[in-house]
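Please open the structure in a viewer and keep the sequence at hand.

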Amino acid sequence: MSSRFAPRPTRTTVRGGETAVPEGVPRQSTAALSRTWQPPFPLDLGLTLGPLRRGPADPTFRTTPDGSVWRASRTPQGAGTLRVAARGGSVEAEAWGPGAAWLLDQLPALLGESDDPALFTPRHSLVAATAHRRPGLRLTRTGLVLESLIPSILEQKITTEEAYRAWRLLVRKYGEQAPGPALHMCVMPDPRTWSLIPSWEWHKAGVDNKRASTILRAVARAARLEEAASMDPPQAQARLELIPGIGPWTSAETVQRSNGAPDAVTLGDVHLPGIIGHALANNRDANDSEMLTLLTPYEGQRHRATRLILLSGRTPPRRTPKMRKTNIATW
């Protein structure tokens, strides 16, 4: 379908990982390193990489009119910038910076090679219809924990708009310019830099002491937490939850991205149980326990089922927001 007439992403489908990627023309390569990879499955870059985007102005993520997705990451080898574009069944990738080789080595996992949708069987017509319309959905696996953990901590107990603002301000101020030609993109700070951010800067970004302290505890154990990327998801979540301030919600949101976890369910969310309840049982007031009961037929693939429900766009009519914006920077 032409992008002109394609349905526009909504708040819910964006949460499901939908990111619009323009259909563009190839650009001339100027990368330090490059790779072409042909995925043996349908691939939608916007759906697969969309969950890595933290808001429309995320300084670590960008889409460009030539049909490319850009990511700036801090890899085990250092900062790196990756550009990915799908062209006629192949994926063209370019990378810059000390982490370029690592990013290209991880490209298949990033684009869902280790994911196996064949293990998923739809049990509801809504889920089946969405899966049929979204054949290019793959679960990404970044292999990087902190880059998903820190923004997930920032998203605790506040609105997504406030969390996106905090991430944007802190990364732009304390991160570093992304390698290569990606103007205005930044790589997130390294653990030591996070640890040196003054208390008043957390406050100016709207981050309360509880979340700031959790991030400081996490970066102090950065090496141990990064090891979780190679663990089975339940063990990875257990390791993350050893850090005070990191609970099931935050650990699930992290391993969904870092480990490509198909069964990691986000518990303790304000809106998700009601969305799942409304979509599967016409119960907009469902709680976590009722949500898990509804997702029982998808045991082992509950995160994938949740994403498909979010991508269906079927949501209950909006009520008064359950959470109000509380910008502590104005206090």
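The model is a predicted one.

**Stop 1: Ser 251**

Begin by selecting helix α13, residues 248-258, in which Ser 251 lies. Is Ser 251 buried or exposed? Its relative accessible area is 0%, and Ser 251 is therefore buried, since the term applies under 20%. Next, display the side chain of Gln 237, which joins that of Ser 251 in a polar contact of 2.8 Å. Beyond its neighbours within four places in sequence, Ser 251 touches Gln 237, Leu 240, Glu 241 and Ile 246.

**Stop 2: the crossing of α6 and α13**

Which residues make the contact? On the α6 side, select Ser 148, Leu 149, Ser 152 and Ile 153. On the α13 side, select Trp 249, Thr 250, Glu 253, Thr 254, Arg 257 and Ser 258. By class, these residues of the contact comprise three nonpolar, five polar and two charged.

**Stop 3**

Now select Glu 253 and Arg 257, which form a salt bridge whose closest N and O atoms are 3.3 Å apart. The two residues are four apart in helix α13, which means that about one helical turn separates them. Glu 253 is buried, at 8% relative accessibility, and Arg 257 is likewise buried, at 11%.

**Stop 4: Asp 263 and Arg 302**

Proceed to the salt bridge between the side chains of Asp 263 and Arg 302, with an N to O distance of 2.9 Å. Asp 263 lies in the loop between α13 and α14 (272-281), while Arg 302 belongs to helix α16 (residues 302-312), so the pair ties together parts 39 residues apart in sequence. Asp 263 is partly exposed, with a relative accessible area of 22%, whereas Arg 302 is buried, at 15%.

**Stop 5: further salt bridges**

In the whole structure, a search finds 15 salt bridges. Another to display is that of Glu 176 and Arg 74, whose side chains meet at 2.7 Å, N to O. This pair links distant parts of the chain: Glu 176 in strand β6 (residues 176-177) and Arg 74 in strand β3 (residues 68-75) are 102 residues apart. Glu 176 counts as partly exposed, at 35% relative accessibility.

Notes. Residues are numbered from 1 along each chain as its sequence is written. This is a predicted model: local features need pLDDT of at least 70, side-chain atom pairs count only at pLDDT 80 or more; totals for chains, interfaces and linings use all residues. Side-chain values use heavy atoms; hydrogens and water are left out. Buried means under 20% relative accessible area, exposed over 50%, partly exposed in between (1.4 Å probe, protein chains only). A polar contact is a pair of N or O atoms within 3.5 Å; within protein, one must be able to donate a hydrogen and the other to accept it, and residues adjacent in sequence count only if both atoms are side-chain atoms. Contact means heavy atoms within 4.5 Å. Ala, Val, Leu, Ile, Met, Phe, Trp, Tyr, Cys and Pro count as nonpolar, Asp, Glu, Lys and Arg as charged, and the others, Gly among them, as polar. A salt bridge is a side-chain nitrogen of Lys or Arg within 4 Å of a carboxyl oxygen of Asp or Glu.
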